[in-house]
Each structure stands twice: as structure tokens, then as C-alpha cells.
Amino acid sequence: MSIKDIKKEFPIFNNKIQNNDLVYLDSANSSQKPQVVVDRIYDFYTKEFSNVGRSIHYLAVAATNLYENTRTLVQNYINAKDKNEIVFTKGATEAINLVASTFGQKYLKEGDEVLLTELEHHSNYVPWHYLRKSKGVKIKFAEMDENGDVTLETIEKNITDKTKIIAITHLSNVTGAILPVKEITKLAHSKKIPVLIDGCQGAPHLKLDMQDLDCDFYAISCHKMYGPTGLGILYAKKKWLEELPPYQGGGGMIREVKKEGITFGELPNKYEAGTMATAQVIAFGESIKFINKIGIENIEKHERELTVYGEEVLRKNNSVKLIGNPKDKGSVLSFTLDDVHPHDIATILDEDGVAIRAGHHCCQILHEKLGLSATARASLGVYNTKEDLDQLNESLNKCKKIFS
Amino acid sequence: MDLKELYQEIILDHGKNPRNLGKFENFNKDAEGYNPLCGDKVHVFLKLNENKEIEDISFEGHGCAISMASASIMTELMKDKKNPEVKEILNDFLDMIKQSPELKSQLIKEDEKTKLMSLSGVKQYPMRVKCATIAWHALASAMEYKKDENDSEKFI
């Protein structure tokens, strides 16, 4: 599959949005869906629907096999050692909450430290905050430097003998910084500290290898990976999933239930209580196949080229100030425009069919550090082109004209 | 909806050169409005005399053209207004921004109505309604009005 023609695979681009061709620059928020994923949801509900893992009729067995097949696809995609290290959740947010809650419950006590960075999305801060409230756990933030990076040295400086877990983003959704997660994990492990990586922006854009990376937990958001909403993945090393207590209780996650006590199911059922997002899981299998068909390396190369091009175009525009100049940068272009508030930019761009995000992007700690309440952000996906970035620049010039 | 309707000259003018911007010294009431969607803040300061008359009003804050213009127009309009009037105008404005096609209050002069109606374009942009109302909610807090239990955009 050639990247040049990839837009054709996404039906959203066939329709005009307010009489304009859609220039979709909001993939860090959520990506568009290829036809194969949309079709898979439709086909499953029309021809194959059944709940999984319970009944033993034909449809139930077939659906269970499809559901488990996605688990294997994910395992291979991220090169996890064991299929049962893949837990489906309702989102990356739930994946992080699962770890914060169960790890916190079992291993954290008053005065223990959780080390985050100033880059973190609210979903990798707020779940830990609860432990601050309930257990008196201390939260530390490794500082972001003037380039929008967090370095290995800064992480090292913030580790103390009280640090019990490090939870960091793989790729910042604002500055685009790609953190040296492998080196950070190695350092943390040398001090016997487990590492959680928020991979929401990493998984859709970078080649992943859990065995090489060696992190303890990795959270994935499926709707940012050309997949359905309502689905996330927690990768966790088997030893953690065995050691940690269950997160939610309900059907499907138990072994035996008696009036006087309950025993819990084997992995991965232990962490998948209740009826799961079955159609979404099955359709997400198509997202992985779609990415594999193009090749994640090709997607990464395409997006890196576009990022460099976008930065060039925006740098030439004297009124634009790019936010973040990290050493290794993912496909995120955050910026401000002289005298025009990001919300006004977004509304004006929208009239040209250019969809960007404006606001704090769920990173208020980071924006406080920048001294800005909001920024504008153009973020890229496999379907974007240089023309999209030219249109962005042209529409920004229109903003300037309105506000001049 | 034409973008020009949203970004009218009057909004761009007030957005770029907000009137009554900055804290003044002898204020005796103040409150902050906050938009969690974008992190924008508008802080309203009042000098309220014993008759609950607004002798002076100003605001501080940072935000988009819509929120700054709305705060600016509001402070111009509310100066020297007394308590029941302030509440009536406030509710009339919020009603107009939410649903009503026009302003109904007899307390608002025609030229003032024109200014306020310039903000009516946000109706077409549900995500931007909060931008136009943030200062007005801060004023309601500073005046210590209570929210109507059945209608969060109405004050009693």
C-alpha cells in the first residue's frame, strides 16, 4: 500500500466539510478511520455478533476467536513476550488508572514518591493524584527544558530512594519531544524502580518493541491508531499482572465465587471484568493490519518528513512561534500566532476546513511552565500531505489579516 | 454562518483594545471566571456602594477575542447600574447568547443592544459560547447572585 494514495482509504475525506476539503490536522487528539475498520464493525454486528468468552454456541466461539486474534495481533505489533501481557481497557486513561490504582494499593505508602514529568497529559497525572489524597504519596515532576524536552539527566536527578515508580510519556502531545524511554527504563531498573510509559502518542507513530524497551507498563490509545473509540490497551509484564490485585470486579474475571470468598481468573481475564468493547477489539485488529500493510517504519518516515516541512513553512511565517524544539521530535506542531488567541485561530481555520486543536491539550502543568494558557496545535497522521501544511499556513495568514 | 458575523469590527476593536482593563485600587468585590476548556480566565473587580450600585468596574484576564470583547462591552454597560438592573441585564444577555433571538430588557439602550448583539454569532459555535459568557458569570459571582437550580445560565 502506497502512502501517496492513502487518503483514499479513509472515507471521511470523500465528503466536504462545510463545503471544503477536509484538512485534518488533529490526529494527536484522535485519528480518522480507514474503511476496513468501519466495515469490520458493520460486518461484526450484522453477521457475526455474539458476546465473547462465555457461551459455547457457534457465534460465541467464533467471536471469541476473533477477539483473541486481535490480542495476538497487538502482541506481535508491540513484540510482547506473552499474549496474556495484553489487557484490553476502555482507553489509555483506564490503562493508567488500572496501574495507578492496583500498584498504589499494593506497593505505595505515605512518603513514597511517584516520578512524572512536566510534559504529562492529565491522564498520566490525575490517576496518581488520587494516591496523593488517599495514601499521602508524593508526586514529583521532572522539569521540561527550554526545548520542550525532558532529559535522562533530569530524570536521574529527580530519583531518590523513595521513588517507587516512574510514569512518563513516550512522545509529548504538545512539544513533540520523544523521550529516551529505553535509557530511562534501564536507569530506573538499575535502581529497581518500575516504569510506566504513556504511549498514546508513541504507539501510532513509532515502532514498538516491548522486549527491547523492557518497560513494565505501556498504555495505548486505540482511537489514535486508526482504530475505534472506547478501546485502549495496557501492556504489562506478566509478573506484574500476576502480582497486582484485580482492578474492577465483575463477570468474566473470576475463577470461583462463593458466599465466603472469591478467587480470580487467569490472565488476561483477571483484568477484563464485564462485557468488553467486543466490536471495537475485533475492528482494532483491522487497524493493526492496516498499519502493518503500510509498515510503521514507512509511516514514521512519512510523518517525520512532513514535520520537518511543516516546521520550515511555519518558521518562514514571521508571526508564528513554534512551541518546543526537542532533539527528537514526533509529528506535533504546536504554535502561537502574534496577537491572535488559539481559540480564534481554530475557529477561523475551521472555516477553511482546517481542523486543528486549540487549548491546553490536557497539559496544564506544561502550559503553566510555558507561561501560556493555550496554544494551537497541528498534529499529523499517515493521510496528511505537504498540501495540508501549505493550506494551514495560508489559513493562518487569513487569521493575521482579520486581526491586523 | 459567515465568519465575518462572528468576528465583527466591534468585537475585533474591543478584543484588541479592551475597555476597563486592569485592576483598580479601591474595589470591594471581585470574582474570577474560568473556562476549563481552554484555561482562559477573566477576573472582574467592582466598587459596589451601599445601594448596591456599581460605581466602578474593571476586569483582568487573558483570553480570545470573543471573551475579551465580551468582558470589555460588559464593563462599559454595567458601570453605574444598580442591583436589580444588573441582574436583569445579565439574565437577558445570557438568554440571548443561549437561545433568544433578541435582547428583551428595556434597561438596555439601542446602541448598547447593537454592541451586545455583535456577540450573538457565537450561538452557531457551541464550543465558543463559554468565551462570550465567562465575564458575565464572574460578574454574577462578584454580585453574589445565586444560580437558578433549573437553569444554570440564569441568576436569581
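Me: Which helix do the buried residues of α2(B) pack against?

Reply: Keep in mind that this is a predicted model. In it, the partner of those buried residues is α3 (65-78) of chain B.

Me: And which residues of α2(B) are the buried ones?

Reply: Helix α2 covers residues 9-16 of chain B, and its buried residues are B:Ile11, B:His14 and B:Gly15.

Me: How do I read that spacing?

Reply: Start with the general idea: an α-helix has 3.6 residues a turn, so residues three or four places apart point the same way. Now the case here: looking down the axis of α2(B), you find the buried residues within an arc of 105°, so they line one face of the helix.

Me: On to the strands of chain B. How many bridges join β1 to β2, and do the two run parallel or antiparallel?

Reply: For a strand pair, look at the bridges and the direction. Strand β1 (residues 29-35) and strand β2 (residues 40-48) of chain B run antiparallel, with seven bridges joining them. If you want a spot to look at, find B:Gly33, which sits opposite B:Val42 of β2(B).

Me: What about the turn of that hairpin: which residue has a positive phi?

Reply: That's B:Gly39, with a positive phi near 85°, and the hairpin of β1(B) and β2(B) has four residues between its strands.

Me: Where does β2(B) pair again, and over how many bridges?

Reply: β2(B) also pairs with strand β3 (residues 54-62) of chain B, in the antiparallel sense and over eight bridges. Here B:Val44 faces B:Phe59 of β3(B). This pair is a hairpin too, with five residues between the strands, and B:Lys52 in its turn has a positive phi of about 60°.

Me: Now chain A. How many helices and strands does it have?

Reply: Count 13 helices and 15 strands in chain A. Its radius of gyration is 22 Å, close to the 22 Å that the globule rule gives for 404 residues, so chain A is as compact as a globular protein of that length. Of those 404 residues, 50% count as buried.

How values were computed:
Residues numbered from 1 in each chain as written. Chains lettered and ligands numbered in written order. Predicted model: local features only at pLDDT ≥ 70, side-chain atom pairs only at ≥ 80, totals over all residues. Rg over C-alpha atoms; globule rule 2.2 N^0.38 Å. Buried ≥ 20, exposed ≤ 12 C-beta atoms within 10 Å, placed from the backbone. Arc of directions from axis to C-beta. Contact = placed C-beta atoms within 7 Å. Pairing = 2+ DSSP bridges.
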